[in-house]
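Open the structure in your viewer and keep the sequence beside it. The stops below tell you what to select next and what is there.

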Amino acid sequence: MYNTITTELKDGILEITINRPDKMNALNQEVMRELALAIDEVYKNKAVKSALITGSGPKAFIAGADISEFLTLSPEQGTELAKRGHVIFQRIEDSHKPIAAAVNGFALGGGCELAMACHFRVASDNAKFGQPEVNLGIIPGYGGTQRLVQLVGKGKALELMMTADMIGAEEAHRLGLVNHVTNAEELLPKTRSILQKIHTKAPVAIAKVIKCVNNYFVWDMNGFETEIAEFGSCFGTKDLQEGAAAFMEKRQANFRGE
């Protein structure tokens with residue numbers, strides 16, 4: 001089905017691997033098209049409870065975009081390229097099911113932007129993050145100028161994007177860009193373990209948490225009002241009835257996502 005990515009559904013987790021190791025898993029238009037299809041499966045397949053995005057091989061998560069595709073683009077084509085990337089990455093960020101990035105090696109340019117679009121990030125200790133686009137005379141085009149500010153703050157985001165400096169996993173963790181740092185062997189198990197823990201919670205509530213948090217960053221939305229409305233709507237769900245009953249009966253809840 002795919003040429004540039006692989007997918008595997010395991011224990012409710014759809015593992016999506018960018019599979020161009022000879023190109024350091026660089027994003028090209030085919031990767032983006034296939035990634036969009038994989039994200040569609042996250043949305044539509046009821047067997048998928050969450051997703052994990054990683055890169056093939058030990059060297060790179062995604063080492064940026066495929067620059068060879070940039071050389072012939074007009075300003076109008078460049079604008080369309082960015083629009084398509086924004087749509088795909090926004091679908092990742094807005095997914096009602098959690099999507100995690102397991103960052104192995106280099107996460108540069110579009111790779112860093114893809115990781116930031118995920119709901120949380122786990123990095124191997126050899127991971128490197130950066131937005132080096134100014135070295136090429138361009139700027140981040142898949143949401144990097146916005147999401148990096150959200151995660152690390154304005155001053156540090158501006159410094160990283162204007163200097164094109166790379167940072168290691170430990171500094172990324174200190175800045176809040178990644179949630180956890182592990183060795184390479186524990187990267188996928190650690191990421192899976194977090195997702196599996198989320199699987200034990202109420203799916204409807206998880207989706208509402210994602211929506212409320214994302215609305216904090218939407219300029220024309222009031223996140224507090226969203227929280228009030230979504231909190232209230234929980235009282236019409238079977239998940240709340242099950243969760244409350246399980247609590248009272250001192251047993252494990254069996255949520256159905258209803």
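Begin with helix α6, residues 169–175, and pick out Arg174 within this helix. Keep in mind throughout that the model is predicted.

Is Arg174 buried or exposed? Arg174 has a relative accessible area of 61%, and it counts as exposed because that value is over the 50% cut-off. Arg174 and Val152 are 22 residues apart in sequence, and their C-alpha atoms lie 9.3 Å apart in space.

Next, show the strands. Select β4, β6, β8 and β9: these four strands form an open sheet, in the order β4-β6-β8-β9. The pairing in this sheet is mixed. Which strands stand at the edges? They are β4, residues 60–62, and β9, residues 167–168. Each has a single partner strand, so one side of each is left without a neighbour in the sheet.

To look at a bridge pair, select Lys128 together with Gly168 of β9, its bridge partner.

Select Asp125, Glu170, Glu185 and Glu186, which form a negative surface patch. Where is Glu185 placed? Glu185 sits in the loop between β10, residues 180–182, and α7, residues 187–199. With a relative accessibility of 62%, Glu185 is exposed.

Terms used:
Residues are numbered from 1 along each chain as its sequence is written. This is a predicted model: local features need pLDDT of at least 70, side-chain atom pairs count only at pLDDT 80 or more; totals for chains, interfaces and linings use all residues. Side-chain values use heavy atoms; hydrogens and water are left out. Two strands pair if DSSP finds at least two bridges between them. Helices (H or I, at least four residues) and strands (E, at least two) are DSSP runs, numbered from the N terminus. Buried means under 20% relative accessible area, exposed over 50%, partly exposed in between (1.4 Å probe, protein chains only). Patches are made of residues with over 30% relative accessible area and no salt bridge: like charges are joined within 9 Å, nonpolar side chains (Val, Leu, Ile, Met, Phe, Trp, Tyr) within 5 Å. Accessible areas come from the Shrake-Rupley method with a 1.4 Å probe; for residues, only the protein chains shown count as cover. A salt bridge is a side-chain nitrogen of Lys or Arg within 4 Å of a carboxyl oxygen of Asp or Glu. Lys and Arg count as positive and Asp and Glu as negative; His and the chain ends are not counted. The place of a charge is taken as NZ of Lys, CZ of Arg, CG of Asp or CD of Glu.
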